[in-house]
Amino acid sequence: MRLTTKGRYAVTAMLDLALHAHNGPTSLSDISQRQEISLSYLEQLFARLRRAGLVNSVRGPGGGYLLSQPADAISVAKVIDAVNESVDATRCQGLSDCQQGDTCLTHHLWCELSVQIRHFLDDMTLAQLMLRPDVIRIASRQKQRAEAGILASAP
């Protein structure tokens, strides 16, 4: 399966935004510090997320980004699609030309796996992720580090 850094970071940043939505707009620099993602990379991702209608930007002091829909309406697949990522387990990107221009022996197996992964990501929302004990624990740790001023600076 190929899910690049772009897709992983987009999902991470959107989950961070959802977790902090109760505080109002979240700045990209706050997400950058908490998640250790470069600010310039986040700016590129959020431009795509905004164009896809998943986030709204708020300008001015105290500005930042807000989810444009409730967290239970935003699936992980929507986030991945917004940054032009695909989750594809085939070697040929689903083109059926994996073996000298023809379909390889296991092409259909990998296509079926890609479909299963897609269904899983379509069915998983940001709201569901927010309720996971591991996410709650990690977000709590990040909050404690931020309050203590010991977050790493973004790469």
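Good morning, colleagues. Please bear in mind throughout that the model is a predicted one.

I begin with the overall architecture. The chain contains seven helices and two strands. Read from the N terminus, the order of elements is α-α-α-β-β-α-α-α-α. Taken along the principal axes, the C-alpha atoms occupy a box of roughly 55 × 30 × 30 Å. The chain has 155 residues, and 39% of them count as buried. As for contacts between residues at least 6 apart in sequence, 64% of these link residues that are at least 24 apart.

Let me turn to helix packing. Two packed helices are described by the angle between their axes and the distance between the axes. Here the pair to consider is helix α1, residues 5-19, and helix α3, residues 39-51: their axes come within 10 Å and cross at roughly 80°. An angle of 65 to 115 degrees counts as roughly perpendicular, and α1 is therefore roughly perpendicular to α3. On the α1 side, the contact is formed by T5, K6, Y9, A10, A13, M14 and L17. Facing them on α3 are Y41, L42, L45, F46, R48 and L49. Sorted by class, this contact comprises ten nonpolar residues, one polar residue and two charged residues. As a general point on such patterns, an α-helix has 3.6 residues a turn, so residues three or four places apart point the same way.

Staying with α3 for a moment, I would mention R50, which lies in this helix. R50 has a relative accessibility of 40%, and so counts as partly exposed. Leaving aside residues up to four places away in sequence, R50 touches V55 and S57. R50 and L66 are 16 residues apart in sequence, with 9.9 Å between their C-alpha atoms.

A21 is located in the loop between α1 and α2. A21 is partly exposed because its relative accessible area is 37%, a value between the limits of 20% for buried and 50% for exposed. Although A21 and L67 are 46 residues apart along the chain, their C-alpha atoms are separated by 7.5 Å.

Which residues of α2 are buried? They are L28, I31, S32, R34 and Q35. The cover over these buried residues includes α1, α3, β2 (residues 64-67) and α7.

Just after α2 comes E36, placed in the loop between α2 and α3. Most residues other than glycine have a negative phi. E36, however, has a positive phi, near 55°. With a relative accessibility of 39%, E36 counts as partly exposed. A positive phi is also found at N84, where the value is near 60°. N84 sits in the loop between α4 and α5, and its relative accessible area of 57% means that N84 is exposed.

Rolling a probe the size of a water molecule over the atoms shows where empty space is left. The largest pocket has a volume of about 520 Å³. It is lined by 24 residues, and those closest to its centre are R8, V11, T12, L15 and L129. Which helices contribute at least two residues each to this lining? They are α1, α4 (residues 76-82), α5 (107-123) and α7 (133-148). The largest share, eight residues, comes from α1. By class, the lining of the largest pocket has 16 nonpolar, four polar and four charged residues.

The second largest pocket holds about 220 Å³ of space. Its lining consists of 13 residues, with H20, N23, R34, A139 and K143 nearest the centre. Two or more lining residues come from each of α2 (residues 28-35) and α7. The greatest contribution is that of α7, with five residues. This lining has four nonpolar, five polar and four charged residues.

R34, for its part, is one of the buried residues of α2 and is among the residues nearest the centre of the second largest pocket.

Thank you for your attention.

Technical notes: Residues numbered from 1 in each chain as written. Predicted model: local features only at pLDDT ≥ 70, side-chain atom pairs only at ≥ 80, totals over all residues. Heavy atoms only, no water. Axes fitted to C-alpha atoms, helices over the stretch in contact; angles between N-to-C directions. Helix = DSSP H or I, 4+ residues; strand = E, 2+ residues; numbered from the N terminus. Parallel < 35°, antiparallel > 145°, perpendicular 65-115°, else oblique. Contact = heavy atoms within 4.5 Å. Nonpolar A, V, L, I, M, F, W, Y, C, P; charged D, E, K, R; others polar. 1 Å grid on protein atoms, 1.4 Å probe; cavity = no way out; pocket = protein on both sides within 12 Å on 5 of 7 lines; lining within 4 Å. Points joined across faces, edges and corners; volume = space filled by probe spheres on them. Buried < 20%, exposed > 50% of the residue type's maximum accessible area, 1.4 Å probe, protein only.
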